[in-house]
Protein chains: 2
Amino acid sequence: MDPQEKKVALRAITYGLYVMTGAAADQLAADGINWLSQASFEPPLVVAAVKADSTLHAVVTDSGCFAVHVLGEDQLDVVKAFFRSTSVEGDLINGQRFTPGAATGAPLLEVAPYWFECRVTDTVARGDHTVFVAEVVGAGVRDAARPPLTLRATGMNYGG
Amino acid sequence: MDPQEKKVALRAITYGLYVMTGAAADQLAADGINWLSQASFEPPLVVAAVKADSTLHAVVTDSGCFAVHVLGEDQLDVVKAFFRSTSVEGDLINGQRFTPGAATGAPLLEVAPYWFECRVTDTVARGDHTVFVAEVVGAGVRDAARPPLTLRATGMNYGG
């Protein structure tokens with residue numbers, strides 16, 4: 001396999017850009033991610049791949065829960081704030097107002113037009129990112145008319 | 001959880017639209033899919049969710065291998081041909097010329113600008129679709145300048 005062809009082919013996969021959050025006993029964590037897909041209608045499952053050495057990974061592993069936020073096409077600045085280490089001050093996480101999710105306790109960002117809460121059902125820890133399969137147990141929509149942010153529109157890449 | 005909010009939130013996830021193929025001992029199979037993501041850089045892993053009662057699912061389960069094709073933005077007609085049952089005539093599968101992949105034997109569509117071959121490493125069979133985690137073992141690019149087909153651009157939905 002030619003490494004360059006592998007990189008170009010894998011980067012042709014289409015992604016959104018999301019903020020994933022979690023809450024363990026004494027710690028909140030949040031990161032920008034793009035490796036996410038639905039994985040079943042019934043039960044409603046999603047699959048997300050999370051960097052194995054990240055704080056978010058530790059928090060999701062500990063708590064067995066996470067939340068995913070879909071941002072609007074004009075909210076790249078919101079996602080970018082979550083490429084940094086997590087910082088919590090009062091009801092702000094990385095500068096964004098949040099409330100704990102009713103189903104999971106994971107921080108829910110008020111700025112996100114779409115979000116869902118998930119409980120991990122299965123974990124595949126095989127590579128530098130861990131695959132979490134999770135059931136969707138809560139969801140909300142604040143602006144159903146907002147087109148979602150896509151990775152391609154940002155000019156960034158994460159994959160290959 | 002409100003079912004309508006769940007549906008709208010999950011449909012805000014961004015997807016491409018792909019053709020996935022497989023080859024078992026005496027059978028080829030191919031379907032259009034969109035639930036796909038990379039899942040690790042090293043080793044290079046992807047994750048795909050495949051309808052549990054499909055022929056493609058049986059073929060991937062039997063062979064432990066599959067191929068994924070990323071189509072160009074102008075190739076919706078190609079993907080649509082794979083929403084039907086698989087039909088093979090000579091070197092055509094659903095009307096598209098193919099050759100067996102060197103690494104997996106899965107049919108590789110000549111029309112696709114990007115493709116990769118995968119070997120299944122882990123399976124999570126929890127919902128109406130099965131999650132296959134798989135290592136990328138072959139890849140090719142025929143037109144690196146071709147923008148990929150996205151699900152949103154088609155006006156179709158598969159998720160929610």
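1. Contact here means heavy atoms within 4.5 Å. The model is predicted.

2. Which residues of helix 1 (residues 3-11) of chain B are buried? They are K6(B), A9(B) and L10(B). Seen down the axis of helix 1 of chain B, the buried residues fall within an arc of 95°, so they line one face of the helix. The N-terminal end of helix 1 of chain B is capped by D2(B). A side-chain oxygen of D2(B) lies 3.0 Å from the backbone nitrogen of Q4(B).

3. Next, the relation between the copies. Two copies of a chain are related by a rotation about an axis and a shift along it. Here chain A superposes on chain B by a rotation of 180° with 0.0 Å of shift along the axis, at an RMSD of 0.0 Å. That is the relation of a two-fold axis. Which residue of chain A comes closest to the rotation axis? Y15(A) does, its C-alpha being at 3.0 Å. Of the interface residues of chain A, 100% are also interface residues in chain B, so the copies meet through the same surface.

4. S40(A) is found in strand 3 (residues 36-40) of chain A. S40(A) is buried, at a relative accessible area of 0%. A polar atom of the S40(A) side chain lies 2.7 Å from the backbone oxygen of P43(A). Leaving aside neighbours within four places in sequence, S40(A) is in contact with L45(A) in chain A, and with W35(B), G127(B), D128(B) and H129(B) in chain B.

5. D122(A) also has contacts in both chains. D122(A) lies in strand 10 of chain A. Why does D122(A) count as buried? The relative accessible area of D122(A) is 18%, and buried means under 20%. The side chains of D122(A) and T121(A) are joined by a polar contact of 2.8 Å.

6. Now the cysteines. A disulfide is a covalent bond between the sulfur atoms of two cysteines. How many disulfides are there over all chains? The count comes to zero. C118(A) is in no disulfide, and the nearest cysteine sulfur, that of C65(A), is 8.9 Å away. C118(A) is buried, with a relative accessible area of 0%. In chain B, the sulfur of C65(B) is 8.9 Å from the closest cysteine sulfur, in C118(B), which is too far for a bond. The cut-off for a disulfide is 2.5 Å. C65(B) counts as buried at 10% relative accessibility.

7. S63(B) is in helix 2 (residues 55-63) of chain B. Is S63(B) buried or partly exposed? At 25% relative accessibility, S63(B) counts as partly exposed. The side chain of S63(B) has a polar atom 2.8 Å from the backbone oxygen of V59(B). The S63(B) side chain also reaches the backbone oxygen of C65(B), at 3.3 Å. S63(B) and A23(B) are 40 residues apart in sequence, yet 6.7 Å apart in space, C-alpha to C-alpha. Setting aside neighbours within four places in sequence, S63(B) is in contact with A23(B) and A24(B).

8. A24(B) leads on to a hairpin. Strand 1 of chain B and strand 2 of chain B form the hairpin, with two residues between them. Strand 1 (residues 18-24) and strand 2 (residues 27-33) of chain B run antiparallel and are joined by seven bridges. A24(B) stands opposite Q27(B) in strand 2 of chain B.

9. Last, a sheet in chain B. Four strands form an open sheet in the order 6-7-8-9, and the pairing is antiparallel. The edge strands are strand 6 (88-89) and strand 9 (107-109) of chain B, each pairing on one side only. Strand 7 (residues 92-93) and strand 8 (residues 96-100) of chain B pair in the antiparallel sense over two bridges. Which residue of strand 8 of chain B is the bridge partner of L92(B)? The partner is R97(B).

Terms used:
Residues numbered from 1 in each chain as written. Chains lettered and ligands numbered in written order. Predicted model: local features only at pLDDT ≥ 70, side-chain atom pairs only at ≥ 80, totals over all residues. Heavy atoms only, no water. Pairing = 2+ DSSP bridges. Buried < 20%, exposed > 50% of the residue type's maximum accessible area, 1.4 Å probe, protein only. Polar contact = N/O pair within 3.5 Å; in protein donor to acceptor, adjacent residues only side chain to side chain. Arc of directions from axis to C-beta. Least-squares fit on C-alpha atoms with pLDDT ≥ 70 in both.
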